[in-house]
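This report describes the protein chain as a whole and then turns to a single residue within it.

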Amino acid sequence: MVGTLDMDFTKYSALAVEDDAGGMAIIGVMMRYLGMQSYLNTTGDGVVELARAMKPRPDVIFLDINLPKTNGYEVLKQIRADVKLKDVLVVAVTAQDADTEIPRCMAAGFDGFIGKPISRSRFPRQIRRILSGEPVWETY
């Protein structure tokens, strides 16, 4: 985890919205390993309510594009429409074709893109970069 030690992750909180058990496990384990306060949602339902209830407010939301009953674009609209959450960093996480989805995610107002499969070695550095304000638009 070289490169992650220069940031105190315990000061940050994150919400991961992911319906895939493998992706959720990687994100959840990495956030806990780094010491982040983390919350998980597997459906996309109630994301705004959960994020609003988080104390402190989430610094970043990792949002899967393909969710049961909805999609990440619809959830992003709800987040951006909420006065308390509109400025939270929202990063798309998907296995969809990056050539198609990255421009679509940019146009929709996502703050970044991480393609699946999520890399256990790169994900902590990606989180650090995102929380430092650096855009991350990566295919894996």
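The protein chain has five helices and eight strands, where helices (H or I, at least four residues) and strands (E, at least two) are DSSP runs numbered from the N terminus. Read along the sequence, these elements follow the pattern β-α-β-α-β-β-β-α-β-α-β-α-β. The model is a predicted one, in which local features need pLDDT of at least 70 and side-chain atom pairs count only at pLDDT 80 or more, while totals for chains, interfaces and linings use all residues. Residues are numbered from 1 along each chain as its sequence is written, and side-chain values use heavy atoms, with hydrogens and water left out.

Some overall values of the protein chain are collected here.

| Property | Value |
|---|---|
| Box filled by the C-alpha atoms, along the principal axes | roughly 35 × 35 × 25 Å |
| Accessible surface (Shrake-Rupley method, 1.4 Å probe) | about 6,800 Å² |
| Share of that surface belonging to carbon and sulfur atoms | 52% |
| Residues that count as buried | 47% of 140 residues |

Contacts, meaning heavy atoms within 4.5 Å, can also be sorted by sequence separation: of those with a separation of 6 or more, 65% are between residues 24 or more positions apart.

Asp 82 lies in the loop between α3 (72-81) and β6 (89-94). Because its relative accessibility is 10%, Asp 82 counts as buried, a term that means under 20% relative accessible area (1.4 Å probe, protein chains only). When its neighbours within four places in sequence are left aside, Asp 82 is in contact with Val 48 and Arg 52.

Definitions and conventions: Buried means under 20% relative accessible area, exposed over 50%, partly exposed in between (1.4 Å probe, protein chains only).
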